[in-house]
Amino acid sequence: MSIAANTNGEINLETSKHLRIALVGKPNCGKTALFNALTGSRQKVANYSGVTVEKKHGYFKTPNNTLVTLVDLPGTYSLRSRSPDERVTRDVVFNQFKEENSIDLIMAVVDATNLSGSLRLVLELKQTGIPVVIALNMIDLAKLRGFEYDIEKLSSLLNCPVIPTCAIKKSGVTDLVAEVDRYNQLEVTANKWQEPDREMVREYHKEVHSIIKAIEKRKGMPSLWSARLDKLFLHPVLGLFILLAILFCMFQAVFSWATIPQGWLQDMFDSLQAYVAALNPNSFLVSLIANGIVAGVGSVIVFLPQILTISLFIILLEDTGYMARAAFLMDKLMGGVGLHGRAFIPLLSSFACAIPGIMATRTIENRKDRLVTILIAPLMTCSARLPVYTLLISAFIPVKTVWGFANLQGLVMFALFAAGIIFGLIMAFIFKTFFFKGDRQPLILELPSYKAPNLYNVILELIKPAKSFLRRAGTIILSVMIIIWFLSSFPLPPEHATGPAIDYSIAGIVGKFLEPLFRPIGFNWQIVVALIPGMAAREVAVSVLATIFALSGANDDAIRESLTVVLQHAWALPTALSLITWYVFAPQCISTLAVAKRETNSWQWPTIMFIYQMVLAYLMSLVVFNLAQHFIH
Amino acid sequence: MDNKLISLAKLKVGMSGVVEKIDEALLPHNVELEAGELERRLLEIGIIEGVRIKVMHFGLIKKDPIALQLNDGEITVAIRRNEAEIILVNQLETK
C-alpha cells in the first residue's frame, strides 16, 4: 500500500547533492521497462501531497558517482493536463510540488517503432527549457522491423543527446547512464511552453513529420503479428469468447494451481502452531503466540499464492498489450451502463485489490465517469475476499466435476466474481441515470503492438503486490490479531464454566449484543465478531474465525481440526451462503474507503459508497438466506 | 480516385481513406467536452489531415467501437462510431 510515504530515506537523499531526473513518455513506449532496467529494485512508491497520484521514485548511480533520483511519471501524450495523471506530469516538470526539488533533466522515452507518436511530446518538452536526453527505446524491435534512423541527425535536429536503448535487453542503458554524467554540458533555457491549441498541435505534427523525413533512412514494416493477432482477439464474436476464456482460466488457475503451494504453507503454519503451543500449554504468552499470532497471521499468509496468481495474470495482460483490446471489446457493454471503455482496466485491477483499482481510475479524464468507476470498484472481487470465499467454498461446496471439465468449487468462485461484476454494472447504471446525468465521454484508445512480456519486468512488478500484502499481514493484520486474541481471551471464564472460554470474553459479549441485528440474514455471533475486525482487512475475518474456533474448541482435538471441518459442523448451509453473499457486496474494507476519500477529495463519496454497499449487502444476504432456507428445508 | 468527402463512420472493414477534415459540428451525440477539445484529442493521438486510415475491426454490438490503423500500421487506435462521424476522409480505392 502506498498511503504513507516512508520519507526518512528520501530526506537524506534530498539533502545530499544529486540529480533529479524525470522520466517522461507517451503510454506504451516501454517507459516502465526502462525505469525498471535503470533502477532495478531500488524503487519507492509514495504519494504527492495534496494530489492523489502515485509517485514512483527509483535510484541509481552514474559512473561518476552522481546519485540520481529517477521520477517515473505517468504516460502522457501532451504536457497539457486533461486527467489527474497528466496533471502530475506537468506539475513535476514545472516544479509545482513544494516538497520536491526541481527537475534537473528530462529523460524523454521515444518509441523507436513509432516516432511520430512520441516526438510531438519531445518537442513540447524541449519548450520547457529543461535539458532533455532522449532514450530511443525499443530500438531492437525497430531494427527488426526494418527501421533505420540517422541518430546523429536526430540529435542535432532536436538539439539534445539521443541514446538508442532496449530496456528489456538492457542494451544502451549503460550509455544512457553515462550520458547523465555529461548533463552539465546541456543548456538550461527559459520556459517557453504554453498549452498547445489545435493549430499548435498541427504545427507540431508538421515539424515531427519533417524531422522524420530527414532522419528516416529506411521505413520499417508495422508489426504484422499485431495485425494478425488482432484479427483473432478483436474478432467481434471470437474475441469476446477469448476474453471470457482468459478470465475463466484466471479463476481456475487461482483455484487449482495456487492451492498446491497454499497447502505447503498451511502445513508449515500448522506445525509451527502445534510446536509453539506444545512449549508450555499453561502460559498466556505461548497461547498468544500460537493461537493469536501464528494461527492468525498464518491463515492470511497462506493466500499469498492466490494473490500472486491473480496479479500475474493482470501484469501479463497489461504487458502483452492485451488489456487495451479487452477495453475495446468491453466498451459497448461498459458504455451501455454509461461507463467509459477505459474503466475496464481500473475495474480489472480491482480484482487484485480495489485500492490500485481506484487509483487506476485517474486515467479516466471525466470526473463523473471516474466517480462512478470508483464507486463500483469495491464490488469487483478483490484478492482479499479470496480467503473468505476459499474457506467457505471448500467447507460447503462439494468437490465435483461438472460438465466433464469444470471443478464445481471453481465454478462457484466464478459465479461470485460474476455476481460482483453484474451488480457493479447495475449500480453503475443506477448512478449514471440518477446522479450523474450528462453527455458521454468520447473513447480514444491506442491499441499498442503486442509484445512478449519480459521476465525481469514481470518479476519486479509481481514483487510489489506481494510486498504490500506481506506488509499488511505483518502490520495491520498482526495487530488486529493480537487485539482479537486479547478480546476473545479476557475476561477469563469463571472457575467452573460450562461453555467455551470465548463465551465469557469481551468479543463474545459484543458479538452477542450485535447478533439480533444480523439474525435475519442468518449470522451467528461468531460471524458478527469476525466482521468487525474484518473491516481492517477482509482477510482478517478468516483469522478471527480461526482464533475464535481454536479458542472455543472443547478439547485439543477441536483445535487441531482444520477450520474447514469445524465450520462444516458449526454452520448450516444457508448461513454460509448468506455470509458469502455479504462478502460480495459489503463495504468490508476501511482502506478502500480511505483511498476513495483521498481520490475524490471529499467524504461525500466514501460515505455514499459505504451506505449503498451496506444496504445492498444486507438486502442480498437477506434474500439468499431466506431462499436457501426455503429450498433446503 | 473518388474525391467526394465521406465520414469515416461510413467506411466498412478493410476500407481506407485519407483524412481531409475534422468537423465537430457533425457530431451526432454530444460528448462532454468543450468545443474544440475532441478535435484536439484526435489530433494528439495522430488522427490529423493527410493521415491514411484503414478500418480494421468493428465491435460486436452496433459495429461499435471501431479499430483504425493509421499510416499502414504506425499506430492502431480505437474510437467510437459517434466520434468517427466527425472525421471526413477521401476514400481510397480498395485493392
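## Terms and model

Strands, as the word is used here, are DSSP runs of E of at least two residues, numbered from the N terminus, and two of them are said to pair if DSSP finds at least two bridges between them. The model is predicted.

## Strands of chain B

In strand 4 of chain B, B:Ile66 is the bridge partner of B:Phe58. This bridge belongs to the pairing of strand 3 with strand 4 (residues 66-70) of chain B, which is antiparallel and extends over 5 bridges. Strand 3 of chain B, spanning residues 52-58, is mostly covered, with 5 of its 7 residues buried.

Strand 3 of chain B is also joined to strand 2 of chain B by 3 bridges, and these two strands run antiparallel; B:Arg52 in strand 3 stands opposite B:Val18. According to UniProt, in an unreviewed entry, residues 6-91 of chain B carry the feature "domain: Ferrous iron transporter FeoA-like".

## B:Ile22 in its surroundings

B:Ile22 lies in strand 2 of chain B, which covers residues 16-22. Is B:Ile22 buried or exposed? B:Ile22 counts as buried because it has 20 C-beta neighbours inside 10 Å, and the cut-off for a buried residue is 20 or more.

Leaving aside neighbours within four places in sequence, the residues in contact with B:Ile22 are B:Glu39, B:Leu42, B:Ile86 and B:Ile87. B:Glu49, which is 27 residues from B:Ile22 in sequence, is 7.9 Å away in space, C-alpha to C-alpha.

## Contact between the chains

The contact takes 33 residues from chain B and 32 residues from chain A. On the side of chain A that touches chain B, at least two residues each come from helix 4 (115-127), helix 8 (198-215), helix 9 (224-233), helix 14 (322-336) and strand 12 (444-447). The residues of that side of chain A divide into 15 nonpolar, 9 polar and 8 charged.

Strand 12 of chain A pairs with strand 5 (residues 75-79) of chain B in the antiparallel sense, over 4 bridges. The bridge partner of A:Ile444 in strand 5 of chain B is B:Ile79.

## The largest nonpolar core

The largest nonpolar core holds 183 residues, of which A:Ala22, A:Leu23, A:Ile106, A:Ala108, A:Val110, A:Ile134 and B:Val77 touch the most other members. Helix 26 of chain A, residues 573-585, gives the most to this core, with 8 residues. A:Ala108 touches A:Val24, A:Gly25, A:Val122, A:Leu125, A:Val132 and A:Ile134, when residues up to four places away in sequence are not counted.

## Further places in chain A

Strand 1 (residues 18-25) of chain A runs parallel to strand 4 of chain A and is joined to it by 6 bridges, and A:Thr69 in strand 4 is the bridge partner of A:Arg20. Strand 4 of chain A, residues 67-72, is mostly covered, with 5 of its 6 residues buried.

A:Arg342 is placed in the loop between helix 14 and helix 15 (344-349) of chain A. A:Arg342 is buried, because 27 other C-beta atoms lie within 10 Å. The C-alpha atoms of A:Arg342 and A:Met323 are separated by 9.8 Å, although these residues are 19 residues apart along the chain.

Conventions: Residues are numbered from 1 along each chain as its sequence is written. Chains are lettered from A and ligands numbered from 1 in the order in which they are written. This is a predicted model: local features need pLDDT of at least 70, side-chain atom pairs count only at pLDDT 80 or more; totals for chains, interfaces and linings use all residues. A nonpolar core is a set of buried Ala, Val, Leu, Ile, Met, Phe, Trp, Tyr and Cys residues joined through C-beta atoms within 7 Å. A residue is buried if 20 or more other C-beta atoms lie within 10 Å of its own, exposed if 12 or fewer, and partly exposed in between; C-beta atoms are placed from the backbone. Two residues are in contact if their C-beta atoms, placed from the backbone, lie within 7 Å. Ala, Val, Leu, Ile, Met, Phe, Trp, Tyr, Cys and Pro count as nonpolar, Asp, Glu, Lys and Arg as charged, and the others, Gly among them, as polar. UniProt positions are given in the numbering used here, feature names are shortened, and annotations may be inferred rather than shown by experiment.
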